[in-house]
Amino acid sequence: MSDSATASESPAIDHHLPSAVLATVLSHLDIRSLVFASTTCRAFRTCASQALSFLPTFHLLDFALTVDFLRPLLMDNPCLRSIWMDCSRLDDEAIKFIAKPSLNELYLVNCENLSGNILSELGTRCPDLRTLTLNSLAGCKGVPISFSDLEQFLIGCSELESLSLPELDFSVFDWPNFHHIWSLASQKLSCLEIGYIPMIMLSQILTLAVEAQNPQTRIAKAPLFPSLQKLCLSVDYITDNLVGSISEALPQLTHLDLQDAPWVDPTPLSDLTNAGLQLINRHGKLKHVSLIRSQEFMFTSFKRVSDLGLLLMAQTCSNLESISLGGFSRVTDAGFRAVIHSCSRLCKLRVSHGSQLTDLVFHDISATSLSLTHVSLKWCNLLTDMGVKRLSFNKDLNVLDLRECRLLSDEAISALSLLPKLQVLLLDGTGVTDIGLSYLGQGSSPLKSLSLRGCKRLTNSCVELLLAGEVKSSLQTLDLSKIHNLTDEAAISLARSHVKITELRLRECTHIGDSSIMALASMMVEGGTHGSSLHLLDLYECGGITPLAFRWFKKPYFPRLRSLGVTGCLNRDMVDALARSRPFLRVSCRGEELGTAVWGASSDWCRQEDDNLDELEQFLLEGEEMIEEDDDANDGDDVEFIEG
């Protein structure tokens, strides 16, 4: 009898195990494991769908599903309240499965291929929706979105409390009645985060909100944004008039996040001045403030704000818990110290491009009652080791960003290595050497994430010295990109250490080659499978890697890998072979950054990692074959490949 005949006559799993028992077992699994189970055979898919039909939440951001996978998982679930999902492999066909009438929360990332139709469908089908986040909505060229989509959404979702469309350009809604449709928005809306909005459109909305507060018109007009507490948006220019209008129109505001990116230098009438900062907290309720002037289009700054402006703001914002200031080139230590010493509740401090910030800002920080947990000082080029040593007197530091502080050296690292709560440390572009990493390795900081991108003085020895101490037991994310002294020896040292790392970035390390991939693929962690801990591996523009190394990305190697970054010149046949064996792997070849940035635009500056590994998931990832005759999904589409 042939092998194919034997296989076709083999009884299905439900012949050996009653479906009731199988359903009971699967009901105890998490979402991720249920999805993996559904890919194995018809019996598992049926039982997984039944288990999912009673779950109130569907949270799956680890990998992107196709609509064929999604359809049976979400089709019949009247209990579903919350969905978190990666939509990079979905289009409008998936909307009918996502827009559930029972939905309260929807969080979707990578929505480039979803059109504005999802907004109108949510408005029609989801009257109880409370929270909506759509990242990169209609981001792909040619994907439509219209004013009517937004209008239908605001009318239909009358219980909405939070709306986040962070990358959406609101100029696409340029319509005479744009500002009036916001009067239809939910009175419960407390959080609004949008991308770029033209100044004239924003001014019309704020004017309408102010008019609605007027006692003479209050009866005729419903209040606009009466509950809004958090506002995040990007504008043409941050001006005195804008800051004053926001403060007047939104009396309940506690969180204000504004960013601009000027094309030309602002005029005195289109810029922020000391007087504008005095107006920022008219109602005294602000707890979080972020004012950022981006350098995206030209090198510019808030040239009309001096130390006096920050002093005036500090006097009216003494209850601030977090502050983020970017591009305040005329503010010196006196202005920054005024904020630090006036805001006794401050726990998050972020200053970028602080060209006049020096060590004196932290000279007597130990004498204050501050308990800073998150500090970012990116591009503060006058900061030296002495300032960081003073800052390290604050023992509650959890996240510290010192990227591009080029005067920092090993002396600063020695002080930071003793911080008992430090988990995230970013040292890109600093002068740290192998000796500094030996301090971190032997120190007491429970580091989970360390970025050393572009630290030119590091050599292969840095890996061994870093992982020689206690930090090895806590480290999960390591970025060694753009360090041209690194060779395969560094990757081999990492593999020999058996560190349980989940994200490794080696992009643009020109001497990293096939031997590094071989070593990482063979790495054993706590008796697990080969390369079992890595979720993300970025090898873009690693000059020594050849197409022959691709065989190391097949099973059983790298069983938990979700994101792989490589250079675009790969053999297509090898990519197709990888697609058949790795159904949930995303391969990126354009050079885009993989994963989520540690520092965001909002006050939630540090992301959390999920490091749980289910036994069933481990079983499925170790190389079990998919049963193709019962599988609705097309194997050829199971991997996302982005050609350069």
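# A walk through a predicted fold

S474 is buried, with a relative accessible area of 16%; buried means under 20%, exposed means over 50%, and partly exposed is in between, worked out with a 1.4 Å probe on protein chains only. The model is predicted, so local features here need pLDDT of at least 70 and side-chain atom pairs need 80 or more, while totals for chains, interfaces and linings use all residues. Residues are numbered from 1 along each chain as its sequence is written, and side-chain values use heavy atoms, with hydrogens and water left out.

Where does S474 sit? You'll find S474 in the loop between helix 19 (461–466) and strand 16 (477–479). Helices (H or I, at least four residues) and strands (E, at least two) are DSSP runs, numbered from the N terminus. Skipping neighbours within four places in sequence, S474 is in contact (heavy atoms within 4.5 Å) with P446, L447 and K448.

## The chain as a whole

The protein chain has 23 helices and 21 strands. Of its 644 residues, 55% count as buried. Take the contacts in the chain with a separation of 6 or more: 77% of them are between residues 24 or more positions apart.

## More loop residues

What does I145 touch, leaving aside neighbours within four places in sequence? The list is G116, L119, L137, A138, L168, V172 and F173. I145 and S120 are 25 residues apart along the chain, and their C-alpha atoms are separated by 9.9 Å.

Most residues other than glycine have a negative phi. W379 isn't a glycine, yet its phi is positive, at about 60 degrees. W379 lies in the loop between strand 12 (374–376) and helix 16 (385–391). E404 also has a positive phi without being a glycine, with a value near 65 degrees. The loop that holds E404 runs between strand 13 (399–401) and helix 17 (410–416).

| Residue | Relative accessible area | Class |
|---|---|---|
| I145 | 16% | buried |
| W379 | 29% | partly exposed |
| E404 | 15% | buried |
| C79 | 31% | partly exposed |
| C542 | 4% | buried |

## Cysteines without partners

How many disulfides are there? With the rule that a disulfide is a pair of cysteine sulfur atoms within 2.5 Å, the count is zero. C542 shows why: its closest cysteine sulfur, in C509, is 5.6 Å away, too far for a bond.

## Helices 11 and 12

Two packed helices are described by the angle between their axes and the distance between the axes. The axes of helix 11 (residues 199–213) and helix 12 (residues 240–249) come within 9 Å and cross at roughly 35 degrees. An axis is a line fitted to C-alpha atoms, for helices over the stretch in contact, and angles run from 0 to 180 degrees between N-to-C directions. This crossing is left-handed, which means the near helix is turned anticlockwise from the far one by less than a right angle.

Helix 11 brings M199, L202, L206, A209, V210 and Q213 to the contact, and helix 12 brings L242, S245, I246, E248 and A249. These contact residues divide into eight nonpolar, two polar and one charged.

Helix 12 is largely enclosed by the rest of the structure, because seven of its 10 residues are buried. Those seven are L242, V243, G244, S245, I246, S247 and A249. The buried residues of helix 12 pack against helix 11, and also against strand 7 (230–235), strand 8 (255–260) and helix 13 (274–278).

Helix 5 (residues 42–52) is mostly covered too, with eight of its 11 residues buried. Among them are F44, R45 and L52.

## The nonpolar cores

In soluble globular proteins, nonpolar side chains tend to be buried together. A nonpolar core here is a set of buried Ala, Val, Leu, Ile, Met, Phe, Trp, Tyr and Cys residues joined through side-chain atoms within 4.5 Å. The largest one has 174 residues, and F58, L108 and W182 touch the most other members. Helix 11 gives this core its largest share, six residues.

Not counting residues up to four places away in sequence, W182 touches L150, L154, L163, F170, L192, I205, L224 and F225. A second, separate core has six residues, including L22, C41, A43 and C47. Both A43 and C47 are buried residues of helix 5.

Key:
Nonpolar A, V, L, I, M, F, W, Y, C, P; charged D, E, K, R; others polar.
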